[in-house]
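Hi,

Here is the structure I promised to pass along. Please have a look at it first, and then read on for my notes.

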Amino acid sequence: MKIFINLPTWLGDAVMSSVAIYALLEKFPKAQIIFYGSFVSIELFKNIKNSKTIIEDKKHRYLNILKQRSLIGECDIAISFRSAFSSKIILNLIKSKKRFYFNKKQNKDEHQVLKYLYFIEKSFNFKTNSTQLRLPILPKYKCNITLKDDKKILALNPGAHYGSAKRWEANYFAKVAKEFAKTHKIVIFGVKSEEEICNSIENILKKDGIKVKNLCSKTSINSLCKNIAFCDLFISNDSGSMHIAAVYKVKTIAIFGSTNFNQTSPWQNENAKIVHLNLACMPCMQKTCPLKHHKCMKDLTPDIVIKEAKKLLNYSI
């Protein structure tokens, strides 16, 4: 059996689809899997056994998939975890006996993990026993390691690729880092498009004599997963990296503003704490603040996050 899977585009969505993907692998354990999708989503799943990968060429996606048709051959099943019209075209260009299309409007009030899972269970008429996030990327050491200087790792993830409305302020992240600098080594994660905010945090901390390791745009997806798994505390906006932290059950402060934490919270991470305000304009689900004040993040002060972080770490307050 051969199964073609069109993965979600964004890192966080790809992580959240892992429950459904592994349910599918358990349903068809002998199937050959062909993963198709963005570079980041492919990187997450490329180590799954008996699988091949195709990275989507966004500029020439239809021409590219037509060129790949003969290499892919005929599939028994083609599945798309994307609901965009372009993904429907991709699936119809694949030679496949059966096709299944994700509909984001179904189960719209459920967590994104369950939206993906219910899609697969309904499509193939079965129920899975596991609802745990899983990735084929295993850290070599246990989470929350202690460094040689008796410090543990506190990681900051200040970016959010979707848009600025999801991002907490650089000086807020820096203030939290200062609070824990005596007990933790500070590490910053991010992608190239987030260099400005990551560098800003680094400069603030260095001015106060605090050592910081800025890994923005310096990690692969594989090494990012392993580095996050080592953290004692992970402080992040609603982002793909936040969902990676949930895979490894890392202690996490998840900062929410414009997005719906009921649908994209750290899935089944008992070590995570969601921090948010309760403003009438939340969640707006916009890339930038439509009201221009961004109060959902500006009024969410560092002191609130510090207090919750200390609770997670069992510090006396």
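Predicted model: local features only at pLDDT ≥ 70, side-chain atom pairs only at ≥ 80, totals over all residues.

**The largest pocket**

Let me begin with the empty space. Rolling a probe the size of a water molecule over the atoms shows where such space is left. The largest pocket holds about 1500 Å³. Its lining is made up of 48 residues, and those closest to the pocket centre are Trp-10, Leu-11, Gly-12, Asp-13 and Tyr-162. If you sort the lining of this pocket by class, you get 17 nonpolar, 20 polar and eleven charged residues.

At least two residues each come from helix 1 (11-16), helix 3 (39-45), helix 6 (112-124), helix 9 (221-229), helix 10 (240-247) and helix 11 (261-264). Which helix gives the largest share? That is helix 1, with four residues.

**The cavity**

There is also one cavity of 30 Å³ or more in the structure. The largest cavity has a volume of about 40 Å³. Around this cavity you will find Val-19, Tyr-22, Ala-23, Glu-26, Thr-128, Ser-130, Gln-132 and Arg-134. By class, the residues lining the largest cavity are three nonpolar, three polar and two charged.

**Strand 9**

Next, please turn to strand 9, residues 233-237. Is this strand largely enclosed or open? Five of its five residues are buried, so strand 9 is largely enclosed by the rest of the structure. In a regular strand the side chains alternate between the two faces of the sheet. Here, Leu-233, Ile-235 and Asn-237 point one way, while Phe-234 and Ser-236 point the other way, and all of them are buried.

Strand 9 has partners that you can trace in the model. With strand 6 (residues 152-157) it pairs in the parallel sense, over four bridges. In that pairing, Phe-234 of strand 9 is the bridge partner of Ala-155. Strand 10 (residues 252-255) also runs parallel to strand 9, and four bridges join the two. There, Ile-235 stands opposite Ile-253 of strand 10. Together, strand 9, helix 10 and strand 10 form a right-handed β-α-β unit.

**The cysteines**

How many disulfides does a search of the whole structure find? The count is zero. Cys-281, for one, is in no disulfide, and the nearest cysteine sulfur, in Cys-296, lies 6.2 Å away. Cys-281 is partly exposed, with a relative accessible area of 32%. For Cys-289, the closest cysteine sulfur is that of Cys-284, at 6.3 Å, which is too far for a bond, because a disulfide needs the two sulfur atoms within 2.5 Å. Cys-289 has a relative accessibility of 17% and counts as buried, since the cut-off for buried is under 20%.

**One lysine**

Lastly, take a look at Lys-185, which sits in strand 7 (residues 184-188). Is Lys-185 buried or partly exposed? At 36% relative accessibility, Lys-185 counts as partly exposed. The C-alpha atom of Lys-185 is separated by 23 Å from that of Val-275, and these two residues are 90 apart along the chain.

I hope this helps you find your way around. Do write back with any questions.

Best wishes

Key:
Residues numbered from 1 in each chain as written. Heavy atoms only, no water. 1 Å grid on protein atoms, 1.4 Å probe; cavity = no way out; pocket = protein on both sides within 12 Å on 5 of 7 lines; lining within 4 Å. Points joined across faces, edges and corners; volume = space filled by probe spheres on them. Nonpolar A, V, L, I, M, F, W, Y, C, P; charged D, E, K, R; others polar. Buried < 20%, exposed > 50% of the residue type's maximum accessible area, 1.4 Å probe, protein only. Pairing = 2+ DSSP bridges. Right-handed = clockwise from strand over helix to strand, strands pointing away.
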